[in-house]
Amino acid sequence: MEKRVHRPTAWHVTHWSTDPFSLGAYSALLPGGTPQHRSALGQVLNERLVIAGEACNATAPAMTHGAWDDGLRAAEAALRAGARKVIVIGAGCAGLAAAQRLRAWGIDCTVLEARGRTGGRTHTVELGGVKADEGAAWLQHFAENPLAAVAQQHGLACVETDFSCPLAAASGGELPDVDAAWDALTQQLDRRLPLSEAINRYMATLDPVHARAAQFAIDANLVLEACLPVEQLSVSALDEEGVGHGDWMLPGGYSELVDLLAKDLDICLNTPVTQVDWSSARVKVNDEVCDFCICTVPVGVLKALHFIPALPVTQRQALAHLGMGMLEKVILQFEERWWPCSPSGYLRWYDVPASWGEWLDLTDAVGKPAIAGLIAADAIERQFSGRTDEQIAIVATEALQAWAAAIRSTP
């Protein structure tokens, strides 16, 4: 460890896992879950109700443009049903997409949003005079991302992140070849077994050196991506794409983009929905009546929403195989950039047990020494339990300092 103890001058710690309007970061496939469960969840019900969002998008789950595209799908379903008045629940990317498309077609559309702001799980905060995203931070698959096209059209600054070349270090010794360990694991894993059992059997075949590398690969490429412990994940989670494929960040913050997407829409803030009655020809959402309802709330919230009648078996089974991944972020600002500079701006820390495994150096993008760290799954409980936000920021700084010391000690 470095002798000097660094202390952040400002910090922001997220709590998406306990936020009542998200109850997690984004959807994940639970044991037995498949992409087909995502598609099944989004089936149109009786030409008057549809669930939409990133959880229903089998092509780009857990991504903002996946939510956007699925919102457009839901809007087209409302149009095919002949709806003239539509209520959209949720003003995240899916809800805004649906409302924008319906407004363009001249359909009467109202968006009911529980929060006092738009954006859902995208939100930009002010920290020490700079902007940083506490939720979604990248425009992924940039070349084909419709939201990236909107950002470019309006001249929003976009900065590419190269996830293929992190400045990485590991606790407890030399950094192994984590990529090779991941490739070996995914090729040799027995996918006929539940994921946790398959991983346990595979790990039992390895010597300590290779087992260490494989554990780092699991922590970084599976748990930190799907955001649940392996015991709570489906084998299919191995195949759901995460970051690292043409990802760009918005140094001005995602809220700049959200504000453009929400422009001129009829959005009722601070209006949580508790009940959706679709038992008759017209749908009643709380006390509002419409021809068609598009529900875009996150999976964790969706499971607690009261539907009359209850959702059909297909949707209930789909929901039983979908959960919310737990991912939190700490954004730290310092008087100086004291940590080693990564050419890509991307850092990885392989800790035992896993802690703050992924970091993005925001300094060059925002103009002040700032860095964001990510933590997922059961590591959150280890690092957050019983601590204030300031204490969490300090232990995150300690992890970053341990990473920096390991980098500097590397021959």
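**View A. Ala377, in the loop between strand 22 (370-376) and helix 12.** Helices here are DSSP runs of H or I with at least four residues, strands are runs of E with at least two, and both are numbered from the N terminus. This is a predicted model, where local features need pLDDT of at least 70, side-chain atom pairs count only at pLDDT 80 or more, and totals for chains, interfaces and linings use all residues. Residues are numbered from 1 along each chain as its sequence is written, and side-chain values use heavy atoms, with hydrogens and water left out. Ala377 isn't a glycine, yet its phi is positive, about 55°. With a relative accessible area of 10%, Ala377 is buried (buried is under 20% relative accessible area, exposed is over 50%, partly exposed is in between; 1.4 Å probe, protein chains only).

**View B. Leu23, another residue with a positive phi.** Phi sits at about 55° here, and Leu23 is not a glycine either. Look for Leu23 in the loop between strand 1 (10-13) and strand 2 (26-29). Leu23 counts as partly exposed because its relative accessibility is 31%. As a reminder, most residues other than glycine have a negative phi, and most peptide bonds are trans.

**View C. Two cis peptide bonds, at Pro309 and Pro353.** Ile308 and Pro309 are joined by a cis bond with omega of about -10°. Pro309 belongs to the loop between strand 17 (306-308) and helix 10 (313-320). The bond from Val352 to Pro353 is cis as well, with omega near -10°, and Pro353 is in the loop between strand 20 (346-350) and strand 21 (358-361).

View D. Setting aside neighbours within four places in sequence, Val258 is in contact (heavy atoms within 4.5 Å) with Leu96, Thr118, Gly119 and Thr122. Gly120 is 138 residues away from Val258 in sequence, but their C-alpha atoms are 9.5 Å apart in space.

**View E. Lining of the second largest pocket, with helix 7 (208-226) among its contributors.** Helix 7 gives the most to this lining, with four residues; helix 6 (195-203) and helix 12 (378-384) each supply at least two. By type, the lining residues split into seven nonpolar, two polar and four charged (nonpolar: Ala, Val, Leu, Ile, Met, Phe, Trp, Tyr, Cys and Pro; charged: Asp, Glu, Lys and Arg; polar: the others, Gly among them).
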